[in-house]
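Here are a few friendly notes to read alongside the model. Please keep the 3D view open as you go.

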Amino acid sequence: MHTALVYVRSILFLAATLLALPAMASQNTLLVVGDSLSAAHGVPSETAWVQLLRERLQNQGLADWAVVNASIGGETTDGGARRLPELLSENDPEVVIIELGGNDGLRGFPPDIIESNLASMIEQVQASGARAVLVGMQIPPNYGQRYTEMFAEIYPKLSDRYDIALVPFFLAGIYNQDELMQDDGIHPTEQAQPKLLENVWPVIRPILKQ
């Protein structure tokens with residue numbers, strides 16, 4: 001009797017293990033590499049757009065996607081490009097959202113350097129076998145209209161060159177609404193976080209559904 005009981009338990013354990021394997025194997029990772037706009041600057045982390053994305057995935061039947069947020073306040077494209085190899089190695093993502101460049105623009109970095117750094121990140125992502133999603137930014141004309149235009153053109157140019165998905169402007173519908181921007185005029189408020197997600201979601205949803 002004891003031997004039979006042990007046998008039954010072994011069979012049940014094996015069956016449970018086999019059933020669990022597909023769920024484990026189907027886990028996908030979405031990596032967010034951004035700056036303070038994605039690092040919940042000035043807002044509770046549980047209400048930030050990346051956390052809202054996690055909740056959206058659960059609600060949309062995409063629970064097999066895990067979101068890793070590697071965003072750092074003050075991050076530049078140079079810093080992101082240098083951190084990316086380790087992030088790709090550690091997380092083995094299927095999709096990488098690149099939300100960088102705003103700090104470079106606000107500091108007046110040369111547009112060609114910004115473009116080169118972002119291009120390096122995209123190439124690293126593609127070489128790893130993952131898909132890159134580029135989040136476009138715009139900046140105020142602090143350094144003149146020509147610089148502002150050259151900066152804004154970086155994102156669609158790279159999207160076309162590498163044939164990757166582009167969020168046209170991360171702060172669309174937010175930057176010009178006082179109640180949606182913090183007092184520094186740079187960072188969105190807690191109330192703006194759902195709008196940030198809505199600006200990103202239509203671009204990434206088809207990729208995650210594939």
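Predicted model: local features only at pLDDT ≥ 70, side-chain atom pairs only at ≥ 80, totals over all residues.

1. Residues are numbered from 1 along each chain as its sequence is written, and side-chain values use heavy atoms, leaving out hydrogens and water.

2. Look at strand β1 (residues 28–34) and strand β2 (residues 65–69), which run parallel and are joined by five bridges. Strands are DSSP runs of E with at least two residues, helices are runs of H or I with at least four, and both are numbered from the N terminus; two strands pair if DSSP finds at least two bridges between them. N28 stands opposite W65 in β2.

3. Between β1 and β2 the chain passes through helix α2 (residues 49–59), giving a right-handed β-α-β crossover. Right-handed here means that, with the strands pointing away from the viewer, the path from the first strand over the helix to the second runs clockwise.

4. How do α2 and helix α7 (residues 193–209) cross? Their axes (lines fitted to C-alpha atoms, for helices over the stretch in contact, with angles from 0 to 180 degrees between N-to-C directions) come within 9 Å and cross at roughly 45°. That makes α2 oblique to α7; angles under 35 degrees count as roughly parallel, over 145 as roughly antiparallel, 65 to 115 as roughly perpendicular and the rest as oblique.

5. Helix α5 (residues 111–127) and helix α6 (residues 145–162) have axes that come within 10 Å and cross at roughly 20°, so α5 and α6 are roughly parallel to each other.
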